[in-house]
Amino acid sequence: MNFNGHQLSAREGLIVQLQDKHKQSGLGEIAPLPGFSHESLAQAKAQIISLLNSGLDKLQATDNLYPSVHFALNMAVQKIAVNHKASFPDSIALLQGDNASIIKQYAALHRPALIKLKVARQKVRDDLRLFEALSRLNPGLRIRCDANQGWSTAQAACFFQKIDKSILDYIEEPTDSHQANLQLAEKYNIALALDETLQDSHFHYQHHSCIKALVLKPSLIGSLTRLQRFIEIAAQQQLQVHISSSFESIIGLQQLAALAKLYQKKCSLTLGIDTLKYFSCPLLTERRQIQADLQKLECLWSSS
C-alpha cells in the first residue's frame, strides 16, 4: 500500500506491556507510520528501551518523546482497555485503491450514505471520475475526502471547480499549506478538516469559518494532553471530531475506540478504524486472540 509516497507490504511495530505493583497490566502499541511519522521504528525502539532501562518511575515525567512512544506509554500507564465490550461510535468506511476496486468496495458495503475517500494519489481527472461514479451510485451520498496534503494549489482548485460540492462533506488537508487551504476553502465554498496540521506540536489552533472538523490520530499526535485540548476546542467551536487510525493492530484500534467512547460525551464524534481489512497476516487482528498472539511475539526487553 502507498503511504504518502512510501510503498509498504508489511506493518511493523512494538507492543509495550507495563505491570504495576498490584500485578495489573496495561498495553501500548508503538508503530510509527512511514510517510507520516517523523520517527522511524528503530528510533522509537531505541527510545522506549532507554526509558525502560531508566526505570518506570521516569516514564510519565519524560519530555520530548516521539509521538508513537508517547501514545503507547499513555495507553499502557493509564491501562486503556483493549477488550472493551461497550458499544462504540460507528466506524466510517475507508475506501482506497484503484477506481475499479473502490467502486466494488462501495457496492459490497451496500452503498452507505457516508464514506471516507482517499484522493490525490492519482491524476486529478481520475479522482474526479471516481467522485462522480460514486455519486451516481447513491444520490444521497456524502463523501469525506482525504488528500494528505498531496495536491498543489492548482490541482486542488481544479478538483473543487468540477465536483458537485453538495456531495463533499469536507476535505482533509488538500495541500501542505494551511493558509492556502483556508484560501481555497473560502474561494470555492468548501469545508475543511484539519489532520496533518494538528500533528505539528508548534501549531496553535485559530478558528476559521471554513473549518468543519478535526481529524485526530492519537498515535501521530502522541500526547493525550494535546489530544484532549483539541477535544475542548471542538466542543467550544462546535466542530466535528473524527478519531482516526494510523493502521494500528487490534490493540491500538481497540484503544482508539475506547478513547472515542470517552470523548463522544463532549463533542460530535465519529470513528475511523476501518483498516484491519487491509491486513493479510492474522497476527493481532482479532480481539479474542490478543493474549495468544502476544505470546507469539519476540521479547526485546524484560524487567525480570
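This is a predicted model: local features need pLDDT of at least 70, side-chain atom pairs count only at pLDDT 80 or more; totals for chains, interfaces and linings use all residues.
Let me begin with the sheet: eight strands form an open sheet with parallel pairing, in the order S5-S6-S7-S8-S9-S10-S11-S12, where strands are DSSP runs of E with at least two residues and helices are runs of H or I with at least four, numbered from the N terminus, and where two strands pair if DSSP finds at least two bridges between them. At its edges are strand S5 (93-95) and strand S12 (268-272), each of which pairs on one side only, and from one strand to the next the twist averages 25°; the angles I quote run from 0 to 180 degrees between N-to-C directions, with axes as lines fitted to C-alpha atoms, for helices over the stretch in contact.

Residues are numbered from 1 along each chain as its sequence is written, and side-chain values use heavy atoms, with hydrogens and water left out.

Within the sheet, strand S6 (residues 114-118) and strand S7 (residues 142-146) pair in the parallel sense over five bridges, and Ile115 has Ile143 in S7 as its bridge partner. Further along, helix H8 (residues 224-237) lies across strand S10 (211-216) and strand S11 (240-244), and runs at about 160° to S10.

Now to the hairpin, which is formed by S3 and S4 with five residues between them, and in whose turn Lys23 has a positive phi of about 70°. Strand S3 (residues 14-19) pairs with S4 in the antiparallel sense over six bridges, and Leu18 stands opposite Gly26 in S4. Strand S4 (residues 25-30) is mostly covered, since five of its six residues are buried, buried being under 20% relative accessible area, exposed over 50% and partly exposed in between, with a 1.4 Å probe and protein chains only.

Beyond its neighbours within four places in sequence, Glu29 is in contact (heavy atoms within 4.5 Å) with residues including Leu14, Ile15, Phe71 and Ser249. The side chains of Glu29 and Ser249 are joined by a polar contact of 2.6 Å, that is, a pair of N or O atoms within 3.5 Å, where within protein one must be able to donate a hydrogen and the other to accept it, and residues adjacent in sequence count only if both atoms are side-chain atoms. The Glu29 side chain also reaches the backbone nitrogen of Gly252 at 2.9 Å.
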